[in-house]
Amino acid sequence: GGLIRNNQLTRDSGTPGAGAGGNIAKGEDHAIYVLNCDGTLIDGNNRTNGWSTEASGHGLKLKDVKNVTANGNNFKSGIIGRVAGKLWFHNVTIKNNTIQNFGINVWTPGLNPPNLSIFGNNITNGSVVVSQ
């Protein structure tokens, strides 16, 4: 279990480093990345500037998680959910978040995620997509 609450997340867009898939040219990853976790609350965080609007710069990525709630966050780009080796994506709630781009995208190939709840989100310039 864990708690990620009330953080102001900004980044110098020129910060070097390896992003998703070792993509050094982009030099970025997600503002908050929750991986292989059971019982985490992500609440009241604000991701503002610095990350691009590419998929590697989303406000929140959830990967192989269970018993997780993302509530009341404000992200300039979306929330993504994925499964990998553990095939966890159980009891996940994404609610009451403000998202300015991309929306919410959950992709769980081969898994019908039990108890996935997505509601009350304010999304501008995006949508909610759940695919398996």
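Tutor: Start with a definition. A nonpolar core is a set of buried Ala, Val, Leu, Ile, Met, Phe, Trp, Tyr and Cys residues joined through side-chain atoms within 4.5 Å. Buried means under 20% relative accessible area, exposed means over 50%, and partly exposed lies in between (1.4 Å probe, protein chains only). Two cautions follow. The model is predicted, so local features need pLDDT of at least 70 and side-chain atom pairs pLDDT 80 or more, while totals for chains, interfaces and linings use all residues. Residues are numbered from 1 along each chain as its sequence is written, and side-chain values use heavy atoms, without hydrogens and water.

Student: Which residues have the most contacts inside the largest nonpolar core?

Tutor: They are I42, L60, L62 and F89, in a core of 20 residues. β3, β5 (60-71), β8 (89-95) and β10 (102-107) each supply at least two core residues. The largest share, five residues, comes from β5. In soluble globular proteins, nonpolar side chains tend to be buried together.

Student: What does F89 touch?

Tutor: Contact means heavy atoms within 4.5 Å. Not counting residues up to four places away in sequence, F89 touches several residues, including L62, V65, V83, V106 and L116.

Student: Why is the link between D43 and R5 called a salt bridge?

Tutor: The rule asks for a side-chain nitrogen of Lys or Arg within 4 Å of a carboxyl oxygen of Asp or Glu. Here N and O are 3.0 Å apart, between the side chains of D43 and R5. The pair therefore meets the rule. D43 sits in strand β3 (residues 32-43) and R5 in strand β1 (residues 2-5), 38 residues apart. A search of the whole structure finds one salt bridge.

Student: Is D43 buried or exposed? And what about R5?

Tutor: D43 has a relative accessible area of 14%, so D43 is buried. R5 has 39% relative accessibility, so R5 counts as partly exposed.

Student: How do you know whether R47 is buried or exposed?

Tutor: R47 has 2% relative accessibility, so R47 counts as buried. This residue lies in strand β4 (residues 46-47).

Student: What makes R47 and S77 a polar contact?

Tutor: A polar contact is a pair of N or O atoms within 3.5 Å; within protein, one must be able to donate a hydrogen and the other to accept it, and residues adjacent in sequence count only if both atoms are side-chain atoms. The side chains of R47 and S77 are joined at 3.5 Å.

Student: Why do β2 and β4 count as paired?

Tutor: Two strands pair if DSSP finds at least two bridges between them. Two bridges join β2 to β4, so the pair qualifies. The two strands run parallel. Q8 stands opposite N46 in β4.

Student: What is the strand order of the open sheet?

Tutor: The order is β2-β4-β6-β9-β12, five strands with parallel pairing. β2 (8-9) and β12 (122-123) are the edge strands, as each pairs on one side only.

Student: Where is F75, and is F75 buried or exposed?

Tutor: F75 is in strand β6 (residues 74-75). With 0% relative accessibility, F75 counts as buried. Beyond its neighbours within four places in sequence, F75 is in contact with residues including I32, R47 and L60.

How values were computed
Helices (H or I, at least four residues) and strands (E, at least two) are DSSP runs, numbered from the N terminus.
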